[in-house]
Amino acid sequence: MDRNLILLFLFFLINISFSQTISKKQSDSLKQEIVKTYREVYWSALPKQKGWVNDYEKILSDNEEKKLDSLISKYERETSIEIAIVTIDTIKVAENNFEALSLHIAKTWGVGKKGKDNGILIAFSKGYKNIRIQNGNGIEKIFSNEDTSKIIENDFIPEFKKGNYYQGLANGIIKIMEYLRGKIQED
């Protein structure tokens, strides 16, 4: 079924739920079911990756997206390491499933070269104030969860707290690239 048709149907149901003939309890229950169904549809029919930056929360300007995409493309040509960014609106996932969705996106999109598993997916939700970095198995060997956590805390989060999402993403990505360049040169 066409995604737009499903969305139209869901929004139609939401409008019906506001009818005066439905009690508040019924309305809340219906809304919860609609959101749950929407999230299931989103999970099973993820949008295709468009470039390295996929801003579904609309927190970046077109120019900011292009700058990040260009930065990542250049790095991928130099190293073959693929880095993808996805921002995820809260309507698409429950907070407790954010990590699972980010892993699902990384696997579905196939971030990283086949045989090298050298991809990194940076998933961010402004609404949940949550960031998750999914490292491919090839990257995990040189970029541990501890290293990832340090970069999140020191490079992404300070700018995010100020509402500077582009700068936080740029700072974090540049730091990841520098870190990995150092590790690659050591080998």
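Modeller: One term to start: buried means under 20% relative accessible area, exposed means over 50%, and partly exposed is in between, with a 1.4 Å probe and protein chains only. Of the 187 residues of the chain, 42% count as buried. This is a predicted model: local features need pLDDT of at least 70, side-chain atom pairs count only at pLDDT 80 or more, and totals for chains, interfaces and linings use all residues. Residues are numbered from 1 along each chain as its sequence is written, and side-chain values use heavy atoms, leaving out hydrogens and water.

Colleague: How many helices and strands are there in the chain?

Modeller: Seven helices and four strands. Helices (H or I, at least four residues) and strands (E, at least two) are DSSP runs, numbered from the N terminus. Along the sequence the pattern reads α-α-β-α-β-α-β-β-α-α-α.

Colleague: What about the largest nonpolar core, how many residues has it?

Modeller: It has 46 residues. Such a core is a set of buried Ala, Val, Leu, Ile, Met, Phe, Trp, Tyr and Cys residues joined through side-chain atoms within 4.5 Å. Leu68, Ile120 and Phe156 are among those with the most contacts inside this core.

Colleague: Which element gives the most to this core?

Modeller: α7 does, with eight residues.

Colleague: And which residues does Phe156 touch?

Modeller: Not counting residues up to four places away in sequence, Phe156 touches Ile122, Ile131, Ile133, Ile151, Gly168, Leu169, Gly172, Ile173 and Ile176. Contact means heavy atoms within 4.5 Å.

Colleague: Now α6. Where is its kink centred?

Modeller: On Ile152. Helix α6 covers residues 145-161, and the kink is about 35°. The bend at a residue is the angle between axes fitted to the seven residues ending there and the seven starting there. Ile152 is also one of the buried residues of α6, as are Asp147 and Phe156. Just after α6, Gly163 takes a positive phi of about 85°.

Colleague: Switching to α3. How many residues has α3, and how far does it reach?

Modeller: It has 18 residues and reaches 26 Å from its first C-alpha to its last. That is close to the 26 Å expected at 1.5 Å a residue. The expected span is 1.5 Å times one less than the number of residues.

Colleague: Which residues are buried in α3?

Modeller: Glu65, Leu68, Ile72, Ser73, Tyr75 and Glu76. Seen down the axis of α3, the buried residues fall within an arc of 165°, so they line one face of the helix. The arc is that of the directions from the helix axis to the C-beta atoms. On the other side of α3, Lys66 and Arg77 are exposed.

Colleague: Does Ser80 count as buried or exposed?

Modeller: Buried, at 17% relative accessibility. Asp117 is also not a glycine, and has a positive phi of about 50°. Asp117 lies in the loop between α4 and β3. At 32% relative accessibility, Asp117 counts as partly exposed.

Colleague: What about α4, which residues are buried there?

Modeller: Phe98, Leu101, Ser102, His104, Ile105, Ala106 and Trp109. Just after α4, Gly110 takes a positive phi of about 70°.
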